[in-house]
Amino acid sequence: MPERLFVCTPSKLGAYADCPRRYRYSYVDRPAPPKGPPWAHNSLGASVHNALKNWYALPADRRRPEALAGLLRGTWVRDGFRDDEQERDAYRRALAWLESYVETLDPQADPVGVERVVAVRTAVLAFNGRADRIDLRPGASGPELVIVDYKTGRTGLDADDARGSQALALYAYAAERVFRRPCRRVELHHLPTGTIAAHEHTVESLARQVTRAEETARDIMGAERAVADGSDPDDAFPAEPGPRCGWCDYRRTCPAGAQTPGKDPWAALDRRD
């Protein structure tokens, strides 16, 4: 019998790469352990992403900066903030980011996809993921697809971040097959600074990222088989303690992670100041 395909998303692969124990808590243990409180930076990021999605859903003649305040209010997620003052400040900053960002966009241009799910199968993976935006732009040999990913977090993103992002590479690999057009360029659009970090993949570099994902999938399936055969889940999915533990949803459940002081739900917003 052929080996079953590993159904995955970028976040599923990333969870295992970051810490196999976190992957186990998220995707293997049932019932899953309780998570910690929601994070304010996730609320902020989701609000901005949804506002941009709804901006593109407007008729082209209504895609103006003045529409953004209403769109952001309509998508605003309130979870995780320290208090009303911090939430109001986050809203004002997010609105300023959005207003500056849409000034760089052509309101008449419709992307190929906004929050578009793309999927592809390989010999190992059944991959699907939701790309923030997929553009169609002129290329050297004709129109080409470009993967755009919005970022609202840490500063200092550069071309190496775009080059090394497995998620962006998998989106590009899948989009090329879904739309049957070349897709090699990936971009990280950092709204707080208005900067773009980009990378031009090759057929070979995309293939390497797919191979990496397949290797991760094989490791995961091997660990899951080991648990099914009676191995200790802690051995099959070891913890990888480190600075990330303070930000982990399962820190309180994980004996190794509990050794690291936890971060307040709003701590990432304080780091932006």
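Predicted model: local features only at pLDDT ≥ 70, side-chain atom pairs only at ≥ 80, totals over all residues.
Where the two meet, domain 1 supplies nine residues and domain 2 supplies 10 residues.

How much surface is hidden there? The size of an interface is often given as the accessible area lost when the parts come together. For domain 1 and domain 2 the buried area is about 1,000 Å², and carbon and sulfur atoms give 72% of that. On the domain 1 side, H49, W97 and Y101 lose the most area to domain 2, and together they make up 57% of what that side buries. As for salt bridges between domain 1 and domain 2, the count is zero.

**A pair of helices**

Now find α3 (residues 40-57) and α5 (residues 84-102), which pack together with their axes 11 Å apart and at an angle of about 35°. The crossing of α3 past α5 is right-handed. Here is who meets whom:

| Helix | Residues in the contact |
|---|---|
| α3 | L44, V48, A51, L52, W55 |
| α5 | A90, A94, W97, L98, Y101, V102 |

What classes of residue make up the contact of α3 with α5? There are 11 nonpolar residues, with no polar and no charged ones.

**Two backbone details**

Look next at the loop between α2 (20-28) and α3, where you will find P31. The peptide bond leading from R30 to P31 is cis, its omega being near 0°.

The other detail is E115, in strand β2 (residues 113-121). Although E115 is not a glycine, its phi is positive, at about 50°.

Note on methods: Residues numbered from 1 in each chain as written. Heavy atoms only, no water. Axes fitted to C-alpha atoms, helices over the stretch in contact; angles between N-to-C directions. Helix = DSSP H or I, 4+ residues; strand = E, 2+ residues; numbered from the N terminus. Left-handed = near helix turned anticlockwise from the far one by under 90°. Contact = heavy atoms within 4.5 Å. Nonpolar A, V, L, I, M, F, W, Y, C, P; charged D, E, K, R; others polar. Buried area = accessible area lost by both parts, 1.4 Å probe. Salt bridge = Lys/Arg side-chain N within 4 Å of Asp/Glu carboxyl O.
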